[in-house]
Amino acid sequence: MSQDSQHGKWTISDSEDEDNIIPPTPQKDSNKPSIKPDLERKPDTVTTFFKQERKLSPKRNEDTHSVKEPSAPSMGSEARKAAHVNQTLPVKYESHPSPSVKRKRETEEAGWNLSSSDDETPPPAPKKEPKKSDVSPKKKKTEDKRPPSPHGTSYYKEEPADFFETNLLSMNDMYRFYLNKVTGIPKKFNTGALHIKDILSPMFGTLKESVQFNYCFDIPWMVEQYPPEFRDKPVILVHGEKRESKARLIEQAKPYPHIRFCQAKLDIAFGTHHTKMMLLWYEEGFRVIILTSNLIRADWYQKTQGMWMSPLYPRLPEGSPGTAGESPTNFKSDLLEYLEAYRAPELAEWIDRIKQHDLSETRVYLIGSTPGRYQGPAMEKWGHLRLRKLLSEHTKPVLNEERWHVLGQFSSIGSMGLDKTKWLAAEFQRTLTTLGKARKSLTSPETQMLLVRLKEGRRCAHVYPSVENVRTSLEGYPAGGSLPYSIQTAQKQLWLHSYFHGWHADVTGRSNAMPHIKTYMRVSPDYTQLAWFLVTSANLSKAAWGALEKNNTQIMVRSYELGVLYLPSAFNMSTFPVEKNVFPASSSSKGFPVPFDLPPQHYSSKDQPWIWNIPYTQAPDTHGNIWVPS
């Protein structure tokens, strides 16, 4: 079967096989990994070619600020970098473009790195044949420079000085949920948003040490985001890199003796360290930031990201008991348990440090994922069963509950199985629809398919960018490199696509800033009230959220993820009102700043979900580029 649109045709296989990339290995016992859906496998390497017009869009021509010199390449997984290593190769847009029109690669090292996907991991690129002639010592250090951006070296512009001026009075200190600043949108939509330079500035504390948990790192760029007076303060980078990729990350850090590393243990195949968190220790106290951005410039430039910033936690008096400084949401012990799950000596000092601080002002719940197979009470510690437990214990049923919508918004999609009952509309649906104590046992079969059967009166929307969203975005097609939904996965779950809704965010001025943020929420029939809201690193995948095994007596989680859950009960409210005027932000606002427009807009008949490894050649993007994977 094939599907046509104004952007071309993509072919869908009739195969009903669970995975047509790598034949699955039968599962012989519970101690071995279950059959991997194709998003958790390694699809073909994606090589993307595109063409940039010489003239930038009018908005960009207005920006005359100087351009920074390229620095070191960003570090994500080995496979992720292999997937993007050739993406600077241009194809000229023509009125009838041919995917075969390609230009010769200018340099061996040309490429660019994109933000993370939790589990759609292509294989390493084939090793290049060494050149027989010149092995010049002068070319050894090409990797020390960041590869060109997809739009060329002049794409990133220096923001004006006032871009980084944050007014604390304009920040919403009730929910402490913030979006990132976006270059190229009206200034009012950045009033109350935060850039990484703001977060690390003296405005929030006199920094002594920090820990950066993340998936992708550009170390030279990251160091530059710290203000000069904090730039040599000790930093630990918590990562999931292995082998060559780990070696390159360590090489990147050689000029910075204040940087140390902590490698996250990934004992289950196809898992990733996808958590994004900052631990900041100040002379005045301690702070936690849980966010959705990688530590690379592209993630802080023209994408929509979100974060929760904790209050400044003061130090407890000497001799305080170990249980002191806990919040009503149990955040302190949950954070310590998450950090202890790394089993990392490098974090021991930080665990002790956190114990010495008062986290009692925290009003959010921590929801983490850590790799492993969990049984008994441990099943409810991580992943979606952790979310289910909190929704069961700290929410109450609402009137006309069956009419309340479940919204999920994400930047990557895993394999959901051959039909909706395999995971999404079974265990994951049950979690997302929990309000108050469950009426069914964990093993009861699901009879109502809330996520996918609107005709039964229950409602759900999946917010995920369409091809047109990406094409017309600030970044153009290259924004799609951070939306790694593959054709291999998509062709097996066409049943999912009819529930997709486009990315529209006029309320935050970010309709053209493609989302790397991930949010989940339960919203009233008229879209004015929230029963709960979650911001997290977890995309829509079993690797991130976990999947039940062994007749629902065990849950298996592959990846590290982290997010915070907002429940009205922690704010002495019955529901959260949805904020209608998110920007400019106000510290007096009582409404919750949902980052995109409500109600979400269903795909039109011409829309398709963005698929990152198929070509889009029939219409150029905002920079005159076309997208040709090969």
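Two strands are said to pair if DSSP finds at least two bridges between them. With that term in place, the briefing turns to a predicted model. The protein chain has an average pLDDT of 80, and 72% of the residues score at least 70.

- Strand E9 covers residues 286-291 and is mostly covered, with six of its six residues buried.
- Phe 286, Val 288 and Ile 290 point one way from E9, while Arg 287, Ile 289 and Leu 291 point the other way.
- Residues on both of these sides of E9 are buried.
- Strand E8, residues 277-282, pairs with E9 in the antiparallel sense over five bridges.
- Within this pairing, Met 278 is placed opposite Ile 289 in E9.
- Three residues lie between the strands in the hairpin of E8 and E9, where Gly 285 adopts a positive phi near 155°.
- E9 is also joined to strand E10, residues 306-309, by three bridges, and these two strands run antiparallel.
- Here Leu 291 is found opposite Met 307 in E10.

**Glu 475**

- Glu 475 is located in the loop between helix H10 (467-471) and helix H11 (487-490).
- Because its relative accessibility is 7%, Glu 475 counts as buried, the cut-off for that term being under 20%.
- The side chain of Glu 475 is joined to that of Lys 303 by a polar contact of 3.1 Å.

**Helices H8 and H9**

- Two packed helices are described by the angle between their axes and the distance between the axes.
- For helix H8 (residues 383-394) and helix H9 (residues 424-432), the axes come within 8 Å and cross at roughly 35°.
- The crossing in which H8 passes H9 is left-handed.
- On the H8 side, the residues that meet H9 are His 384, Leu 385, Leu 387, Arg 388 and Leu 391.
- Their counterparts in H9 are Glu 427, Phe 428, Arg 430, Thr 431 and Leu 432.

- Where pLDDT is low, the predicted coordinates should not be read in detail.

How values were computed. Residues are numbered from 1 along each chain as its sequence is written. Side-chain values use heavy atoms; hydrogens and water are left out. Buried means under 20% relative accessible area, exposed over 50%, partly exposed in between (1.4 Å probe, protein chains only). Helices (H or I, at least four residues) and strands (E, at least two) are DSSP runs, numbered from the N terminus. A polar contact is a pair of N or O atoms within 3.5 Å; within protein, one must be able to donate a hydrogen and the other to accept it, and residues adjacent in sequence count only if both atoms are side-chain atoms. pLDDT is the predictor's confidence in each residue, from 0 to 100. Axes are lines fitted to C-alpha atoms, for helices over the stretch in contact, and angles run from 0 to 180 degrees between N-to-C directions. A crossing is left-handed if the near helix is turned anticlockwise from the far one by less than a right angle, and right-handed if clockwise. Contact means heavy atoms within 4.5 Å.
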